[in-house]
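Subject: A structure for you to explore

Hi there,

Here is the structure I promised to pass on to you. Please open it beside this email and look for each part as you read.

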Amino acid sequence: MKFSGKNVLVTGASKGIGADIAKVLGSYGLKVWINYRSNQDLAIKVKDDIESSGGVASVISFDVSRESEVLDAFKVITDCDGGLSYLVNNAGITNDKLAIRMKNEEFLNVIESNLLSAFIGCREALKLMSKNRFGSVVNISSIVGERGNAGQTNYAASKGGMIAMSKSFAYEGASRNVRFNVVTPGFIDTSMTASLKDDIKDAYIKNIPLGRLGDGVEVANAVAFLLSDNSSYITGEVIRVNGGLYM
Ligand code: NAP
């Protein structure tokens, strides 16, 4: 895959899907900024993995839902690299509960962590990338953002909102050659899904046409394509990486 840009910021890249995205993008020769909130040791391990494969990476700690921290981080990156070519808004949380028991704060907390954070990231990226008339952003939504899920009204709202928001950013960014796309993973083998009970997991797997959980690298490959020059005429699009679970 071909990348005209030089560097990428991947949020929530200390583990799971984000770590795989960081490593795959590092393998294409991009300088990777590995964001984490609390897991510094894991983030440094991702950096070490990229560097031991011949890539270039830096770790940067900030909470994606705190505007001032995001602004500071964007400044550090632009002071160091002179700009930002690519952004992957991957950081996200769940806080599952049936809607009838969910408090407003529990709803809003997930919206802030998953949706407000992506809005801040997209807005700041668009400002920066517009200056160079070049950039590509991928937002990591979820199958749940497309079809909903019991116990996840907060998460579904955040991830569904991310899809509509990305299409709106795609309209605003197009005249400046800044593209916005979305990847909606299905059931991927990470710590987020490891906490599910085995019987629930088995029930999910029975419904997946490809008959297995996905791997983070399989999500990362779709992200790499959407960031790269190979997808230069694609914006406002959603790619599902879910083994056929939702078509
Ligand atoms: P994960 O293993 O729990 O990792 C989440 C990452 O996000 C961690 O690096 C964590 O950093 C970071 N993070 C969380 N909140 C943050 C914040 N406020 N600021 C900065 N970083 C923050 O999750 P995952 O399974 O890889 O999921 C990654 C993304 O894919 C999420 O957006 C998730 O919704 C989406 N997704 C996952 C699946 C799946 O099956 N796993 C399916 C569909 C969509 P620290 O640990 O350092 O705090």
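Below is what turned up, topic by topic.

First, some ground rules. This is a predicted model, in which local features need pLDDT of at least 70 and side-chain atom pairs count only at pLDDT 80 or more, while totals for chains, interfaces and linings use all residues. Residues are numbered from 1 along each chain as its sequence is written, and side-chain values use heavy atoms, with hydrogens and water left out.

**Aromatic rings**

The whole structure holds six aromatic pairs (rings of Phe, Tyr and Trp, for Trp the six-membered ring, with centres within 6.5 Å; planes under 30 degrees apart are stacked, over 60 edge-to-face, the rest tilted). Tyr-86 and Phe-134 make an edge-to-face pair, with 5.9 Å from centre to centre and 70° between the planes. Tyr-86 sits in strand β4 (residues 86-89) and Phe-134 in the loop between α4 (104-132) and β5 (135-140), so their pair ties together parts 48 residues apart in sequence. Helices (H or I, at least four residues) and strands (E, at least two) are DSSP runs, numbered from the N terminus. Tyr-86 is buried at 0% relative accessible area, whereas Phe-134 is partly exposed at 25% (buried is under 20%, exposed over 50%, partly exposed in between, with a 1.4 Å probe and protein chains only). Ring pairs also link Phe-3, Tyr-28, Tyr-86 and Phe-134 into a cluster.

**A residue in α4**

Is Glu-124 buried or exposed? This residue of helix α4 is buried, at 9% relative accessibility. Apart from neighbours within four places in sequence, Glu-124 is in contact with Leu-71 and Phe-74 (contact means heavy atoms within 4.5 Å).

**Helix α9**

Buried residues in α9 include Gly-216, Val-219, Val-223 and Leu-227. The buried residues of α9 pack against β1 (7-10), α1 (16-27), β4, β5, β6 (178-185) and β7 (238-241). As a general point, an α-helix has 3.6 residues a turn, so residues three or four places apart point the same way.

Enjoy exploring, and write back with any questions!

Best wishes
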